[in-house]
Amino acid sequence: MTSAQVINPATEQVVTTIEAADQAATDAAIARAQRALTSWRQVAPGDRARLLRRFAEAVDADLERLAGLEVTNAGHTIGNARWEAGNVRDVLHYSAGMPERLLGNQIPVVGGVDITFHEPLGVVGVIVPWNFPMPIAAWGFGPALAAGNTVVLKPAELTPLTAIRLAELALDAGLPEHVFQVVTGKGSVVGQRFVTHPAVRKVVFTGSTEVGKQIMAGCAEQVKRVTLELGGKSANIVFADADLEKAAATAPYAVFDNAGQDCCARSRILVQRSVFDRFLELLEPAVQGVRVGDPADAATEMGPLISAAHRDRVAGFLEPSTKVAFTGSRPDGPGFWFAPTVVLPASPADRILTEEVFGPVVAVLPFDDEADAIRLANDTEYGLSGSLWTSDVGRALRVSRAVEAGNLSVNSHSSVRYWTPFGGFKQSGLGRELGPDAARAFTETKNVFIATD
Ligand code: TAP
């Protein structure tokens with residue numbers, strides 16, 4: 001075991017030091033999870049549901065503490081952090097409805113009865129990034145536990161504190177030991193072991209497309225199940241017939257929320273040419289109105305970036321030739337701050353249009369007509385989310401069907417609800433999380449024929 005420092009990104013102060021597991025410690029956790037599986041999968045569905053409800057209630061009772069940990073560890077605004085802890089509670093409550101609803105089929109056959117079962121996979125490894133440490137963890141472990149799997153979870157090295165607390169709350173709520181474990185450490189050690197260890201039967205990975213591809217290739221060695229939630233370069237399409245005031249007032253929050261460190265960030269704003277200048281006029285005060293500062297202050301709307309290295313990476317997208325239309329504000333002093341920035345790209349090949357910045361930088365570009373908007377929106381390897389603004393319901397549906405992305409919103413920027421499916425097209429991912437089928441993704445379908453003759 002080695003250790004790693006946890007830094008508060010708003011102050012640059014060391015918060016604490018956390019153990020970093022080596023391969024032997026990871027193997028030991030996986031072995032414990034495998035032993036715990038035998039009894040966990042046999043817990044009656046109603047009892048598993050009750051335990052998940054108690055876990056949800058424990059999270060609810062601890063909501064302020066969890067939110068406070070995320071403010072300190074990830075620099076999330078307190079408003080967002082409360083929502084995130086509440087999301088874990090809600091995902092657990094929703095998951096508690098799953099064990100009793102994992103229904104199989106009875107299929108007509110000759111000479112007997114044919115039935116299907118949804119069997120748990122076994123040990124599930126969940127690898128979580130630093131941008132939304134709590135919700136992304138829960139979207140994996142809630143349905144996985146509900147379906148009768150045991151879970152080993154690796155938080156990002158930068159943001160382990162809420163995951164560690166959630167594991168304590170699970171035990172307090174009565175989940176049997178080793179059914180849900182958190183293993184802190186490096187992705188290249190702990191996360192990689194989830195990929196190579198034969199007892200881990202599924203890997204749920206959220207993070208960069210680059211690492212996601214390695215995980216998928218590694219899982220192929222054992223035909224291991226994998227869910228990938230990767231990057232995005234989502235479009236916010238504003239048609240001339242839209243409510244321009246509302247579209248401009250909300251656009252900053254669709255990309256600068258969580259300081260742009262959001263795979264669903266609408267980081268390309270496509271605006272119909274006839275209203276392009278008017279939209280920019282409206283956007284400028286909206287961007288300047290984003291309150292950037294102390295994440296613990298309830299009035300703050302945007303906190304810092306996660307680390308100095310990440311701030312440098314984001315800054316690297318702004319080259320001397322980049323045309324910055326306008327920026328918002330950022331505090332002086334310590335902290336990994338970056339002002340909201342609006343860029344007018346020079347050409348479609350500009351990296352600001354093709355690569356995921358994962359920071360508070362948005363590119364605005366014009367389009368001519370509906371076909372041009374769809375072409376530009378789809379001109380990316382990613383396909384996670386997107387928004388479109390129009391008052392024409394036919395166009396809203398046509399464009400929604402034509403944009404190659406998993407999660408779209410019309411005259412709104414919402415994309416994640418725990419009871420609707422979430423995931424990406426193209427290189428934004430593989431598989432879906434959340435929604436009514438969430439537990440199915442953690443099962444194998446077994447078909448059994450019983451002869452009656
Ligand atoms: P990644 O390197 O992909 O890290 C995500 C998670 O995977 C972390 O827990 C990480 O562990 C782990 N990991 C890293 N290498 C691994 C490996 N070889 N095997 C197994 N697990 C591994 O992302 P990042 O470095 O945090 O961010 C880099 C960029 O990825 C961002 O700038 C952004 O563009 C993108 N990103 C996207 C998302 C979403 S939600 N789509 C989330 C985060 C980042 P460590 O903590 O040890 O690194």
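## Composition of the shell

By class, the shell around the ligand comprises twelve nonpolar, eleven polar and five charged residues, where Ala, Val, Leu, Ile, Met, Phe, Trp, Tyr, Cys and Pro count as nonpolar, Asp, Glu, Lys and Arg as charged, and the others, Gly among them, as polar. In total 28 residues surround the ligand, with Trp130, Glu157, Gly187, Ser208 and Leu230 the closest; a residue belongs here if one of its heavy atoms lies within 4 Å of the ligand.

The model is predicted, and local features need pLDDT of at least 70, side-chain atom pairs pLDDT 80 or more, while totals for chains, interfaces and linings use all residues. Residues are numbered from 1 along each chain as its sequence is written, and side-chain values use heavy atoms, without hydrogens and water.

## Polar contacts

Oxygen atoms of the ligand take part in polar contacts (pairs of N or O atoms within 3.5 Å): one is 2.7 Å from a polar backbone atom of Val128, one is 3.3 Å from a polar side-chain atom of Arg313, and one is 2.9 Å from a side-chain N or O atom of Glu356.

How values were computed: Polar contact = N/O pair within 3.5 Å; in protein donor to acceptor, adjacent residues only side chain to side chain.
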